[in-house]
Amino acid sequence: MIGTIGSLVQETSNRWRWLLSASLYTLACFGSASLLGTMLGVLGQVIRGLVHGTAFPHAGAWLIGLLAVAYAASDVGLLWLPRPILRHAVPITWWRWWGPYRAALAYGAALGLGVMTRIPFGAFYVLCAWCVLKGDPGYGALLMGTYGAVRALVIFPASWGLYCHRTAVTTWFSSPLFNLWRAQRVLAVTLILFGTLVLASAVLS
Amino acid sequence: MISLRQRLQCLPLLYGGIAAGLMLTMITRVNRGAELAMAMLMVGMPFLLAALTGLGKTTTA
């Protein structure tokens, strides 16, 4: 991601322009992720009204638990599961077409949705399913907003790191901080822990 | 591309995650005082997962 939005990270030569671009990017990323969460919550509310009538059906807890365990296994390559996306990556050309501010907004909005880049972490789908199952638009906005905010705020330490160390984006991008395989393992363990907790709660309730 | 060896090396990690989840559940069943901590964990866990996913997604283009 930092590789694609490298222009934004490297805007530190002009501090005000960088600050404005990074802020617009963060707001757009947080906003679109919250919107996604709200929509999933509304979808859950509609389904709840039509089908079940309860806020968090027992079968739903089973579904989430099993989904979390299965996607954790899929993250480390032990199982194949579908990972629906809209695009494989956001185009790098937006910088040239729209300039720093409009491009920062566009990248933020696209990346906040999550499905505009490939998704190597099954936790994303589990979180979406969790939002639908909760059926609460406010909760959905808060949960997916957390995802969007953390994703966007990485831009600040990344920019600062580049500014202090005077390294190129590609050098920074190949640093251990951006090791995909390591991130997948950490997420897989957290996801399987979450799935086990949800499943155990469903079994014992 | 993840090799078969790398995939199999992750099995202990996954089993560790399952064991930790079961252990936490057992603790709350045995110790009633831990119920509040478990409730807090269940509330906070999705947010931790969301934050880690957001952080992890930084590695993708």
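1. The axes of H9(A) and H2(B) come within 8 Å and cross at roughly 35°. Axes here are lines fitted to C-alpha atoms, for helices over the stretch in contact, and angles run from 0 to 180 degrees between N-to-C directions. H9(A) passes H2(B) in a right-handed crossing. A crossing is right-handed if the near helix is turned clockwise from the far one by less than a right angle, and left-handed if anticlockwise. On the H9(A) side, the contact includes Arg185(A), Ile192(A), Leu193(A) and Leu204(A). On the H2(B) side, Leu13(B), Gly17(B), Gly21(B) and Thr25(B) are among the residues involved. By class, this contact holds 13 nonpolar, five polar and one charged residues. Ala, Val, Leu, Ile, Met, Phe, Trp, Tyr, Cys and Pro count as nonpolar, Asp, Glu, Lys and Arg as charged, and the others, Gly among them, as polar.

2. A word on the source. This is a predicted model, in which local features need pLDDT of at least 70 and side-chain atom pairs count only at pLDDT 80 or more, while totals for chains, interfaces and linings use all residues. Residues are numbered from 1 along each chain as its sequence is written, and chains are lettered from A and ligands numbered from 1 in the order in which they are written.

3. Confidence comes next. The predictor gives the complex an ipTM of 0.92 and a pTM of 0.89. Chain A averages a pLDDT (the predictor's confidence in each residue, from 0 to 100) of 84, and 83% of its residues score at least 70. Chain B averages 86, with 95% of residues at 70 or above.

4. Chain A has nine helices and zero strands. Helices (H or I, at least four residues) and strands (E, at least two) are DSSP runs, numbered from the N terminus. Of the 205 residues in chain A, 47% are buried. A residue is buried if 20 or more other C-beta atoms lie within 10 Å of its own, exposed if 12 or fewer, and partly exposed in between, with C-beta atoms placed from the backbone. Among contacts in chain A with a separation of 6 or more, 84% join residues 24 or more positions apart. Two residues are in contact if their C-beta atoms, placed from the backbone, lie within 7 Å.

5. Now the whole interface. On chain A, 45 residues are in contact with 31 residues of chain B. Helices H3 (58-75), H5, H6 (137-153) and H9 (180-204) of chain A each give two or more residues to this side. H9(A) gives the most, with 17 residues. The chain A side divides into 33 nonpolar, nine polar and three charged residues.

6. The axes of H6(A) and helix H3 (residues 35-56) of chain B come within 7 Å and cross at roughly 30°. H6(A) passes H3(B) in a right-handed crossing. Leu143(A), Tyr147(A) and Arg151(A) are among the H6(A) residues that make the contact. Pro46(B), Phe47(B) and Leu55(B) are among those from H3(B). The classes here are nine nonpolar, four polar and one charged.

7. H3(A) has 18 residues and reaches 26 Å from its first C-alpha to its last, close to the 26 Å expected at 1.5 Å a residue. That expected span is 1.5 Å times one less than the number of residues. Its buried residues include Gly60(A), Ile64(A), Ala68(A), Tyr71(A) and Asp75(A). The cover over the buried residues of H3(A) includes H5 and H9 of chain A, together with helix H2 (11-30) of chain B. Just after H3(A), Gly77(A) takes a positive phi of about 85°.

8. Two residues of H5 are worth checking. Trp130(A) is found in helix H5 (residues 123-134) of chain A. Trp130(A) is buried because 28 other C-beta atoms lie within 10 Å. Leaving aside neighbours within four places in sequence, Trp130(A) is in contact with Ile64(A) and Pro46(B). Trp130(A) and Gly44(A) are 86 residues apart in sequence, yet 9.3 Å apart in space, C-alpha to C-alpha.

9. Val132(A) also lies in helix H5 of chain A. Val132(A) is buried, with 21 other C-beta atoms within 10 Å. Not counting residues up to four places away in sequence, Val132(A) touches Leu40(A), Leu43(A), Gly44(A) and Ile47(A). Val132(A) and Val46(A) are 86 residues apart in sequence and 9.5 Å apart in space, C-alpha to C-alpha.
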